[in-house]
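Welcome! Let us walk through a protein model together, one part at a time. Keep the sequence and the 3D view open as you read.

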Amino acid sequence: MAKILSIEVGYALTRICEMDYRSKNPKVYKYFNVPTPQGAISDGFLADNEDFVAVIKDALAEHKVKTKQVVFSITSGKIATREVMVPMVKPSQMDAMVKANASDYFPIDLTEYELAHLILGVEKGEDKTDRYKVLVMAAGKSLIAGYERLAAQLGLRLTALDYAGSSVYQLMKAECGEDTEMIIKIEERSTNALVISNQSLVLQRNIVYGIDEAVQVLGDGSEHGKVGYREVLELLKRKTCIKVALSPETRIIEPDDDIDNNPRIAEAKRRLTESLAPFVGNVARVVDLYNSKNVDNPIKRVRIVGLGGDISGLSKLFTNELGIQTIVMGNLENMDLSHAEGEGSPGLYVACLGAGIAPVGFINEEKKKQDAQASNYRNVAILSGIFFVVAAAALCVLSITRYNDAKSEQQRLARLEAEYGPAEAVYNTYNQIQIVYKEVENGLKVTSGPNDNLIAFLEELEQKLPANAELTEFSSNEEQAVLTIMVEDKEQAAKVIQTLREFDCVMDVSIGSVDKEDVEKAAAEAAKDVEELGEPRVLFSIICTYYPTIIEEVSQTPQTSQPVSDDLSTLE
């Protein structure tokens, strides 16, 4: 069985695996990691870096790796994804089907992108017929070119490129079995959250937070001055520097094993844990999003993989804050690691291992065939070259006419370039305005909140509530509004709840609990109403949860050579 190198380039670490290629139960031979030089990668885009190439070459030589085929697993916000429904066709015809309809999925110039797809499962369409649920992905050719260049510099043959989300899914679907679990692949500056149910990918979200902020807080706060990134990671792996909860009000499921009697250490832990609050909050929103739509099949367990799996104490923090048992992925039951030479936990290499099982592609099939033919027939080409040298002399006369035609065409194209050159300045101005617009838009989102529209909310409430309904109490903050309402009967209470669920600003409506004093008070008021009005009354509370504010990441570098990259980032 053919071997392959699977590589994932991260901001701090580059992970490398040698394994069987496209096997159901692949055998892993070696897995190790090397430090990634600063500036070598930015949002998945690779820069030319001779030091980086030298580091990988040295590592391959040190571990005696001879395999020449390579596949990369990529994490990038510039890879656009869409879930679509496709008619039931043969898997061999799916690629042609996706490319034929690609313009409907992505309103961009597709000549600058390579497409790939992943079949997620079979669902009923609007016409009640079975259809494939397919994840379609588009990656810019400029993004792919960086990995093609790195493979060439390493003397390797690029076989495929994979999307990190697909890599994790290919490996973890067998690990999860029929249960509903969330896999969170935590890296330096991003996190990929996947919900897998019955071995099907039902939800995937990219989160722009990782452990980078916590590493910087700990590195800058060291007694010995600023500490290197890799040294801080080793410290976080070796020693628990994170508290088990973000606040004292959190319900503790897994308590802290160590009690910090040293105030200085306790304060350092508090600051480090506080830096993780936005990250944990975003993961919690994804959990709430899925569970709110799948009440009968909630997430039963959370697994941490990737770089975050090495952070001591992080699983306890997630267990307590999410209210779901969270574990660190250590052993992999469906991978043969029995004889592998490895560095670190296998959970650190989940994306690499998954990419070797079934990569989505992203490499033009025609180009792959051409590269294969070039490799197989290199010797034949040398012999054929002698023939072409002789034949070239006979073709020289015919070539003069073609040369003149080509020269005329070159002049025509030069005139067109001079004519349309000013359009480039207009386009660059457009990119700058787009960046400013996004920053202003994000600024508006940060300074706005649900309470800004509180008067409109109350006016709509006044219009839609029954005339005899009485709003006895009302409170609102940036996350939810709590209303206490008295109506004539339970049927009218149900109508009030249904009315509130139709409000545009409300994400979820739930019935609040009433304590004993409220029950007695309500009973007294109800008795008074019966005495005065001759009919009973129903008093209940409602909790209306607002939609959270989502801030989009804005690239600070205008895209002059990649005119549609900004459009792709908005498609995530």
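## A helix across a sheet

Helix H9 (residues 277-293) lies across strands S11, S12 and S13, and runs at about 150° to S13. Contact here means heavy atoms within 4.5 Å. Helices (H or I, at least four residues) and strands (E, at least two) are DSSP runs, numbered from the N terminus. Axes are lines fitted to C-alpha atoms, for helices over the stretch in contact, and angles run from 0 to 180 degrees between N-to-C directions.

A word on the model itself: it is predicted, so local features need pLDDT of at least 70 and side-chain atom pairs count only at pLDDT 80 or more, while totals for chains, interfaces and linings use all residues. Residues are numbered from 1 along each chain as its sequence is written, and side-chain values use heavy atoms, with hydrogens and water left out.

## The sheet of five strands

The strands that H9 lies across belong to an open sheet of five, in the order S13-S12-S11-S14-S15, with mixed pairing. Two strands pair if DSSP finds at least two bridges between them. Strand S13 (200-207) and strand S15 (326-328) each have a single partner strand, so one side of each has no neighbour in the sheet. On average, neighbouring strands are turned by 20° against each other, direction ignored.

Strand S14 (residues 301-306) runs parallel to S15, joined to S15 by three bridges. In this part of the sheet, Ile 304 stands opposite Val 328 in S15. Helix H5 (residues 164-176) also packs on the sheet, where H5 touches S11, S12, S13 and S14 and makes an angle of about 40° with S12.

## The sheet of three strands

Which strands form the open sheet with antiparallel pairing? They are three, in the order S7-S9-S8. S7 (80-87) and S8 (113-124) are at the edges with one partner strand each, so each has a side without a neighbour in the sheet. Neighbouring strands here are turned by 25° on average, direction ignored.

S7 is joined to S9 (residues 130-140) by eight bridges, and Ala 80 stands opposite Ala 138 in S9.

| Helix | Strands it lies across | Angle |
|---|---|---|
| H2 (residues 91-100) | S7, S8 and S9 | about 110° to S8 |
| H4 (residues 141-153) | S8 and S9 | about 70° to S9 |

## Two helices that meet

Two packed helices are described by the angle between their axes and the distance between the axes. For H6 (residues 212-220) and H7 (residues 229-238), the axes come within 10 Å and cross at roughly 95°. The two helices are therefore roughly perpendicular (65 to 115 degrees). Among the residues that meet are Val 215 and Leu 218 in H6, and Tyr 229 and Val 232 in H7.

How many disulfides does a search of the whole structure find? Zero, where a disulfide is a pair of cysteine sulfur atoms within 2.5 Å. For Cys 17, the nearest cysteine sulfur is that of Cys 352, 4.5 Å away. Cys 17 is buried (under 20% relative accessible area), at 0%.

Lys 64, in the loop between H1 (50-62) and S6 (69-74), has a positive phi near 55° although it is not glycine. At 65% relative accessibility, Lys 64 is exposed (over 50%). Gln 199, in the loop between S12 and S13, has a positive phi near 65°.

Terms used:
Buried < 20%, exposed > 50% of the residue type's maximum accessible area, 1.4 Å probe, protein only. Parallel < 35°, antiparallel > 145°, perpendicular 65-115°, else oblique.
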